[in-house]
Amino acid sequence: MIGFHRQASGYCHCCRSQTVFESTEAWLRDFYKCRKCHSIPRQRHLQHILDRHFAGWEKLAIHESSPSNTFISQYCSSYSSSEFLPDVAPGTTKDGVRCESLEHLTFADRSFDVFVTQDVLEHVFHPDVAAKEIIRVLKPGGIHVFTIPKHKRVRKCQPRAILKNGVIEYLLEAQYHGNPPVGDGPIQVTKDGPFLVTWDYGDDFEFILQDWTGCPTTTYVTRDDSLGLDGEFPEVFVTRKPV
Ligand SMILES: [Zn+2]
């Protein structure tokens, strides 16, 4: 049997160099990697959108939630990041990592030009609150640029699990992504532990997001071999706070 093999040469927006993209797995979203920096398509696509539509973004005030790499931070002069740490008070740091809950950010209004979340919003219990919080901490004209899995066969966004009095109630079968999250391939658990999928997003995602935030969202879909962009869930979303 001949195994899967996909290869193309092109430009990687994560390491900003000519490279070779390669995968021996059919699930390109997580395995179509840059030989030089090991980035995957959604990471390259997000930085392609920043480079193409927001030139000079590296000099802006940027915050990234739960980064799993330095693809963005390596270029930025005003970058900060945070992660949700269950046992740490939001706004404080542990071992150099700042704890923040997207549902209750401790940042002042109008703190950032760009807020980045990559496959994070499908893991929060109240994405409506989180999306609004992100808009609150953006400066006027600022952007939330992010990825989530937007499923083809889900007509309406729906929670998979909810919190009731601090206890998780499962509305659909429990599903987990590793860290970094791995789309809707097989359930994967990594050394960093499983991350419960709380929401399935589908066709009405942009509409429901606009209801939540009051802000318009642009969805980018790019498939381009010369940029190593292919695979499931290619969307990069940009929600802009009005000036
Ligand atoms: Zn690269």
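I began with the contact between two helices: Asp 128, Ala 131, Lys 132 and Ile 135 in H3 meet Leu 209, Trp 212 and Thr 213 in H4. By class, this contact of H3 with H4 has 4 nonpolar, 1 polar and 2 charged residues. I note here that the model is predicted.

Next I looked up the geometry of the pair. H3 covers residues 127–137 and H4 covers residues 205–213; their axes come within 8 Å and cross at roughly 60°. That angle makes H3 oblique to H4. I recorded the hand of the H3–H4 crossing as right-handed.

**Buried side of H3**

Which residues of H3 are buried? I listed Pro 127, Ala 130, Ala 131, Glu 133, Ile 134, Ile 135 and Val 137. The list includes Glu 133, a residue that counts as charged. I then asked what the buried residues of H3 pack against. The partners are S8, S9, strand S15 (199–200) and H4. Ala 131 and Ile 135 are on the buried list, and both are also among the H3 residues that meet H4.

**The core**

I turned to the largest nonpolar core, which has 38 residues. Val 114, Phe 115, Val 116, Ile 134 and Val 145 touch the most other members. Several elements each supply at least two residues of this core: helix H2 (41–53), strand S8 (112–118), H3, strand S9 (138–147), H4 and strand S17 (236–240). Which element gives the most to this core? It is H3, with 5 residues.

Leaving out residues up to four places away in sequence, Val 145 touches Leu 46, Ile 49, Leu 50, Val 114, Val 116, Val 236 and Val 238. Among these partners, Val 114 and Val 116 are also named with Val 145 as touching the most other core members.

**Two positive phi angles**

I checked two residues with positive phi. Arg 110 has a phi of about 55° although it is not a glycine. Arg 110 sits in the loop between strand S7 (97–98) and S8. I counted 14 other C-beta atoms within 10 Å of Arg 110, so this residue is partly exposed.

Asp 119 has a positive phi of about 50°, and it is not a glycine either. I placed Asp 119 in the loop between S8 and H3. Is Asp 119 buried or exposed? Asp 119 is buried, because 23 other C-beta atoms lie within 10 Å, and the cut-off for buried is 20 or more.

**Gln 210**

I went back to helix H4 for Gln 210. Gln 210 is partly exposed, because 14 other C-beta atoms lie within 10 Å. Not counting residues up to four places away in sequence, Gln 210 touches Cys 215, Pro 216 and Thr 217. How far apart are Gln 210 and Thr 239 in space? I noted 8.8 Å, C-alpha to C-alpha, for a pair 29 residues apart in sequence.

**Tyr 11**

My last entry is Tyr 11, in strand S1 (residues 6–12). Tyr 11 has 17 C-beta neighbours inside 10 Å, so it counts as partly exposed. Its contacts are Gln 18, Ser 226 and Leu 227, with residues up to four places away in sequence not counted. I also looked up Tyr 11 and Cys 34: their C-alpha atoms are separated by 9.3 Å, and the two residues are 23 apart along the chain.

How values were computed:
Residues are numbered from 1 along each chain as its sequence is written. This is a predicted model: local features need pLDDT of at least 70, side-chain atom pairs count only at pLDDT 80 or more; totals for chains, interfaces and linings use all residues. Axes are lines fitted to C-alpha atoms, for helices over the stretch in contact, and angles run from 0 to 180 degrees between N-to-C directions. Helices (H or I, at least four residues) and strands (E, at least two) are DSSP runs, numbered from the N terminus. Angles under 35 degrees count as roughly parallel, over 145 as roughly antiparallel, 65 to 115 as roughly perpendicular and the rest as oblique. A crossing is left-handed if the near helix is turned anticlockwise from the far one by less than a right angle, and right-handed if clockwise. Two residues are in contact if their C-beta atoms, placed from the backbone, lie within 7 Å. A nonpolar core is a set of buried Ala, Val, Leu, Ile, Met, Phe, Trp, Tyr and Cys residues joined through C-beta atoms within 7 Å. A residue is buried if 20 or more other C-beta atoms lie within 10 Å of its own, exposed if 12 or fewer, and partly exposed in between; C-beta atoms are placed from the backbone.
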